[in-house]
Amino acid sequence: FLKKIFKALKETTNKQLICTKEAWCSELIPQLIKTFPRLKIIYIFRDPRGVISSETEFTKKYRVNKKDPIFTTYSLSNFWRKHVFFHFKFSNNKKYQNRILRVRYEDLVQKTDFELKKIFKFLKLDYEKKTKKIFFNNSNYDLSNKAKISTGYVDMWKKKLSKSKSTFIETILYPELRKVGYDTQLKKTNIDNLPILDSKLR
């Protein structure tokens, strides 16, 4: 099925390099690499507090079902944890580690040139040549200039999330937050020594 989709895309666009952005792919790395031997994977992380804040605002403004269980704080936290788990599971596997790159959303929008160079190097693309044709499509519904990279939403969660909700997120995701490099407002405790929780989510 995937082969047929990518074949159709290649024939339609006449491009040598085809990319897709799908969060569910994070747990299917072995199958995807087996299907596409030249495949490379970029795991993009965003601070889960930012993700949950963004999803909460989107639900308030646009979602018809305001109580969709998929977008509760706990469900989104579990999904983010699973994403972290699979990233480290596969990136620490010698069979896949050279095919995987980790990028953080916050770094990408705040240090765009540096992160893009890292991505281009990983993909073995000419940065100077290809960046001249880059078109940025910002998905923010409130931003009039969609071709602009905005850094204004990096720490927006600090204003939008309640103290109790941000503390809840940090409590259940503390090891994973620290592993991916995110600071927490919780005091540092011996929780630092806890292993990343496995993928058997409650």
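Asp107 counts as buried, at 15% relative accessibility. In this predicted model, the side chain of Asp107 meets that of Lys111 in a salt bridge, with N and O 4.0 Å apart. Lys111 is partly exposed, its relative accessible area being 42%.

**Confidence**

- The chain has a mean pLDDT of 83, and 77% of its residues reach 70 or more.
- Confidence is highest in strand 2 (residues 100-104), with a mean of 96, and lowest in helix 1 (residues 2-13), with a mean of 70.
- The pLDDT falls below 50 over residues 197-202.

- Helix 3 covers residues 48-61, which is 14 residues. At 1.5 Å a residue the helix should span 20 Å, and this agrees with its end C-alpha atoms, which are 20 Å apart.
- The buried residues of helix 3 are Pro48, Arg49, Gly50, Ile52, Ser53, Glu57 and Thr59.
- These buried residues pack against three elements: helix 4 (73-91), helix 8 (157-160) and helix 9 (163-180).

**Salt bridges**

- The model contains eleven salt bridges.
- One of them joins Arg49 to Glu170, with the closest N and O atoms 2.8 Å apart. Arg49 lies in helix 3 and Glu170 in helix 9, so this pair ties together parts that are 121 residues apart in sequence.
- Both Arg49 and Glu170 are buried.
- Asp47 joins Arg49 and Glu170 in a network of salt bridges.
- Glu55 and Arg63 form another salt bridge through their side chains, at 2.6 Å from N to O. Glu55 is partly exposed, because its relative accessible area is 21%, whereas Arg63 counts as buried at 15%.

**Aromatic pairs and charges over rings**

- There are eight aromatic pairs in the model.
- Phe85 and Phe86 form one of these pairs, edge-to-face, with 5.2 Å between centres and 75° between the planes. Phe86 counts as buried, at 11% relative accessibility.
- Phe120 and Tyr127 also form an edge-to-face pair, at 5.4 Å centre to centre and 85° between the planes. Phe120 and Tyr127 are both buried.
- Tyr43, Phe45, Trp80 and Tyr182 make up one aromatic cluster.
- Arg63, the salt-bridge partner of Glu55, also lies over the face of Phe71, at 3.5 Å from the ring centre.
- Lys40 lies over the face of Phe122, at 4.9 Å from the ring centre.

**A positive phi at Lys124**

- Lys124 is not a glycine, yet its phi is positive, at about 60°.
- Lys124 is found in the loop between helix 6 (112-123) and helix 7 (127-130).
- With 72% relative accessibility, Lys124 counts as exposed.

How values were computed
Residues numbered from 1 in each chain as written. Predicted model: local features only at pLDDT ≥ 70, side-chain atom pairs only at ≥ 80, totals over all residues. Heavy atoms only, no water. pLDDT = per-residue confidence, 0-100. Helix = DSSP H or I, 4+ residues; strand = E, 2+ residues; numbered from the N terminus. Contact = heavy atoms within 4.5 Å. Buried < 20%, exposed > 50% of the residue type's maximum accessible area, 1.4 Å probe, protein only. Expected span 1.5 Å × (residues − 1). Phe/Tyr/Trp six-rings, centres within 6.5 Å; stacked < 30°, edge-to-face > 60°. Lys NZ or Arg CZ within 6 Å of the ring centre and 35° of its normal.
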